[in-house]
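Take a look at the sequence and the structure below. The text after them walks through one part at a time.

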Amino acid sequence: MTGRHAPLAGLRVADFTWVWAGPFCTLQLAHLGAEVIRVETATRICVTRLLPPYPRDMEFGPNRSGYFNQYNQGKKSLTLDLKRPEAVAIARRLCAASDVVVENFAAGVMDRMGLGYEVLRAVRPDLVMIALSGYGATGPDRDKVSYGPAQVPLSGLSSVTGYRDWPPMHVGISYGDPTGGLHGAVAVLAALLHRARTGEGQYVDLSQWESSMTVLPEAVVSWTMNGVAPPRDGNRDAHMAPHGIFRAAGDDRWIAIAIEDDAAWARFARCLGRPELGDDARFATLVARKRHEDELETLVTEWTRERSPEAATAELQAAGIAAFTAATNRDVAEDPHLAAREFFVELPHPEVGARRHIGVPWRMSASDCRVRRAAPCLGADTDQVLREACGYSDAEIAGLRARQVLV
Amino acid sequence: MRGALDGLRVLEIGELVSAPYAAKLLADLGAEVVKIEPPAGDPARRRGPFPGGTPHAEKSGLFLYLNANKRGITLDLASAAGREALDRLVAGADLLVHNVHPLDMAACGLDYARLATLNPRLVMTSIAPFGLAGPHAGYRGCDVVTWSAGGVAALNGAPGEPDLPPLKTFGDQSGFQAALTATVGSLGALFARLTTGRGEHVEVSAQECVAAILELTFEYWPYTGLVASRLGQKPIQPLCFMECRDGWIFLCAIEEHQWERFVDIMGNPEWAGLELFANRLTRGANFDALQALLQEWCRDQSVQELYEAAQRRRIPFAPVSTMGDLVASPHLRARGFFVTVEHPAAGPVTMPGAPYKLSATPWQLRRPAPCLGQHTAEVLAEVGLDTVAVGGAA
């Protein structure tokens with residue numbers, strides 16, 4: 001990568017976030033080359049450091065969680081016990097030396113610690129600061145508590161996701177977190193571009209609840225236009241049929257297939273070995289296929305259940321039909337296409353070794369954009385950050401450590 | 001009022017969600033976006049929802065939401081005249097974002113090396129289902145396919161129901177994730193350009209964007225050799241949906257103090273003291289029994305009252321919001337979240353608003369989505385072209 005320029009080279013991010021939404025925001029900034037410094041403490045360890053998975057052959061430990069190690073790649077770790085005034089003063093000095101501050105505490109927590117935007121902008125006037133809270137920094141519900149899994153139902157997504165005639169369902173992940181985190185990264189980058197042009201910093205108030213609703217426009221507008229919400233309808237789609245995830249050969253193996261138009265249906269019928277179905281009045285048009293969708297899905301399943309999802313995918317894609325295995329975590333990790341694209345990273349980590357992790361989901365033809373290092377062990381960069389970013393001497397650092405400030 | 005991206009000139013060649021949402025994020029922050037549609041229009045115009053359920057190319061809710069704040073032109077990129085017009089627009093653009101399939105890019109004139117000779121400062125962002133390179137780059141994929149290929153679909157289903165398939169999430173969530181990632185990459189490239197003076201090509205794979213949000217499940221394979229399954233019960237409880245007398249609520253009491261306070265809200269029933277439910281792990285292991293008892297109690301509750309009672313005790317329950325609940329929420333109203341856009345054909349349409357509030361450069365809605373070809377003559381004239389000469393439908 002010599003000669004390549006990292007987009008955010010030279011920019012420093014003071015990262016007070018934990019769990020997933022905030023760390024996912026700062027992960028994007030680390031990919032782009034910012035120096036992201038996690039401010040953490042051993043007195044209240046980040047939830048994801050304490051969650052599984054950790055390597056099967058090792059004792060559990062705060063540096064061994066695959067969850068933490070995935071979403072904190074490329075960052076540094078500074079430990080500060082922010083319950084102590086001396087630590088808060090250090091944090092303030094770090095913020096003064098930073099371009100961006102990111103936090104996802106409950107609304108008001110940073111203010112109570114003496115690290116609110118008004119305090120920080122006094123020491124760093126062009127600071128870009130973002131708070132990613134569950135409900136936002138204002139409004140009657142701002143003090144409500146929010147956990148990742150509860151954002152999915154709160155946002156409305158659960159009420160429209162589910163099998164037909166079944167209860168509302170979840171997504172399988174705490175979807176509000178990455179959606180909020182990515183929106184946060186967009187806001188920070190836009191604010192940095194504005195700052196580069198005008199010299200002006202600003203404060204961004206991001207509500208995970210709101211950013212989650214911005215990805216549900218069809219459901220919201222269906223209600224505001226017509227007073228009805230889309231019914232839960234499994235994997236079906238009003239504008240495509242067949243459209244679903246169908247049983248394939250093997251133990252709990254499935255394949256997603258979407259027939260995008262009538263021409264694709266005719267090609268699909270040839271793949272099924274039933275070319276006459278392309279013109280069959282029951283199936284030739286979308287309207288007809290939607291009317292006979294149960295029958296149609298039976299036909300599809302008769303074909304898919306005899307084939308592995310990989311074989312069926314290859315055959316259908318060769319005919320220009322949108323299809324792919326419903327991939328498990330193992331399928332993703334072993335996907336030859338993703339490997340050929342060098343999507344995965346396996347960087348050395350002092351405790352868990354080089355494990356396969358997800359890399360950067362975009363590529364840049366000129367810039368240096370990549371995972372620069374494995375996730376940090378707790379407090380691994382404390383001395384270096386205090387010296388280089390905050391200007392403390394080795395003697396001062398030793399004193400702070402002796403007074404238990406750096407834990 | 002100023003926007004953070006005032007003066008940024010963006011071209012979008014986008015269908016449905018991914019490239020259009022990326023360009024919308026930029027437009028709402030102040031960028032000047034020109035959306036280029038084929039003469040038949042973006043297929044989002046055919047997706048709805050429509051007022052009264054009657055299809056109309058200017059009244060699709062999805063299209064009106066994704067394309068507000070943009071000017072719209074039509075160009076037939078299958079024709080040489082259409083591609084020449086695109087070249088002229090590219091010469092004056094900062095960013096071109098598109099989701100033309102990789103197999104169709106060359107035919108539409110979308111070759112970054114060539115476009116960069118016209119405008120070395122151009123950033124071009126290409127969004128494709130499986131990216132532009134690699135053995136599956138030519139694969140087709142809409143949301144159900146990429147959501148599955150990235151691994152999220154396989155995580156969602158009903159424990160104890162192995163015959164129910166992995167469940168897709170509502171809407172085009174792969175499209176939204178790819179859009180967000182594409183915007184991050186695009187803004188990163190524009191930031192790099194401040195130093196280098198040159199543009200570059202940004203490439204986004206929807207499959208990778210989905211794989212990037214697998215939470216803790218991806219690492220189960222490299223760390224433990226375990227395959228994550230939608231069929232497994234959650235190890236800790238309660239973290240579940242319950243039906244109340246007037247709707248559904250999501251119970252989330254996974255810390256012991258939260259559970260104790262919830263038991264108190266329930267009036268300390270005798271069963272809560274059973275060894276079966278002593279901690280979150282045993283509550284997970286004995287969830288069948290717990291679920292029946294909780295459901296019996298919840299059935300008589302009101303969603304809103306239980307939500308408020310829990311929140312007063314710092315228990316992070318949430319209602320399973322319906323669309324009606326969201327639009328009526330006093331909190332969202334106080335924050336001004338929903339916005340109403342007056343559109344010449346569709347009339348007033350209320351839709352989601354700002355995903356974030358920027359203090360100095362606020363998110364803004366300046367104009368409704370364009371009617372098909374509404375700005376063709378105006379935009380082409382700005383680059384010295386005559387609409388008729390390029391065959392654009394005005």
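This is a predicted model: local features need pLDDT of at least 70, side-chain atom pairs count only at pLDDT 80 or more; totals for chains, interfaces and linings use all residues.

Start with chain B as a whole. Chain B holds 17 helices and twelve strands. Its C-alpha trace spans about 80 × 50 × 45 Å along the principal axes. Of its 394 residues, 57% count as buried. Now take the contacts in chain B with a separation of 6 or more. Residues 24 or more positions apart account for 68% of them.

Next, find the sheet. In chain B, three strands form an open sheet in the order 7-8-9, with antiparallel pairing. Strand 7 and strand 9 of chain B stand at the edges, and each has a single partner strand, so one side of each has no neighbour in the sheet.

Follow the pairing from strand to strand. Strand 7 of chain B covers residues 239–244, and strand 8 of chain B covers residues 247–252. Six bridges join these two antiparallel strands. A hairpin of two residues links strand 7 of chain B to strand 8 of chain B. Within this pair, B:Phe241 has B:Phe250 as its bridge partner. On to the next pair: two bridges join strand 8 of chain B to strand 9 of chain B, again antiparallel. Here B:Phe250 stands opposite B:Ala318 in strand 9 of chain B.

Is strand 7 of chain B enclosed or open? Five of its six residues are buried, so strand 7 of chain B is largely enclosed by the rest of the structure.

Helix 12 of chain B, residues 287–298, lies across strand 7 and strand 8 of chain B. Helix 12 of chain B runs at about 35° to strand 7 of chain B. Helix 13 of chain B also packs on the sheet and touches strand 7, strand 8 and strand 9 of chain B. The direction of helix 13 of chain B makes about 20° with that of strand 8 of chain B.

Look at helix 13 of chain B, residues 303–312, in more detail. Its residues B:Val303, B:Leu306, B:Tyr307 and B:Ala310 are buried. They cover an arc of only 100° around the axis, which puts them on the same side of helix 13 of chain B. What do the buried residues of helix 13 of chain B pack against? They pack against strand 7, strand 8, helix 10 (256–265) and strand 9 (318–319) of chain B. The face of helix 13 of chain B turned away from this buried side carries the exposed residues B:Glu305 and B:Arg312. Just after helix 13 of chain B, B:Arg314 takes a positive phi of about 65°.

Step back to the two chains. In chain B, 121 residues are in contact with 124 residues of chain A. Helix 7 of chain B, residues 173–196, gives the largest share of the side of chain B that touches chain A, with 17 residues. That side of chain B divides into 74 nonpolar, 33 polar and 14 charged residues.

Strands pair between the chains too. Three bridges join strand 12 of chain A (residues 362–364) to strand 6 of chain B (residues 201–205), and the two run antiparallel. A:Trp362 has B:Val204 as its bridge partner in strand 6 of chain B.

Finish with chain A. Its domain assignment gives domain 1 (12–215 + 342–402) and domain 2 (243–331). Taken over C-alpha atoms, the centres of domain 1 of chain A and domain 2 of chain A are separated by 42 Å.

Note on methods
Residues are numbered from 1 along each chain as its sequence is written. Chains are lettered from A and ligands numbered from 1 in the order in which they are written. Helices (H or I, at least four residues) and strands (E, at least two) are DSSP runs, numbered from the N terminus. A residue is buried if 20 or more other C-beta atoms lie within 10 Å of its own, exposed if 12 or fewer, and partly exposed in between; C-beta atoms are placed from the backbone. Two residues are in contact if their C-beta atoms, placed from the backbone, lie within 7 Å. Two strands pair if DSSP finds at least two bridges between them. Ala, Val, Leu, Ile, Met, Phe, Trp, Tyr, Cys and Pro count as nonpolar, Asp, Glu, Lys and Arg as charged, and the others, Gly among them, as polar. The arc is that of the directions from the helix axis to the C-beta atoms. Domain bounds come from an automatic or database domain assignment. Axes are lines fitted to C-alpha atoms, for helices over the stretch in contact, and angles run from 0 to 180 degrees between N-to-C directions.
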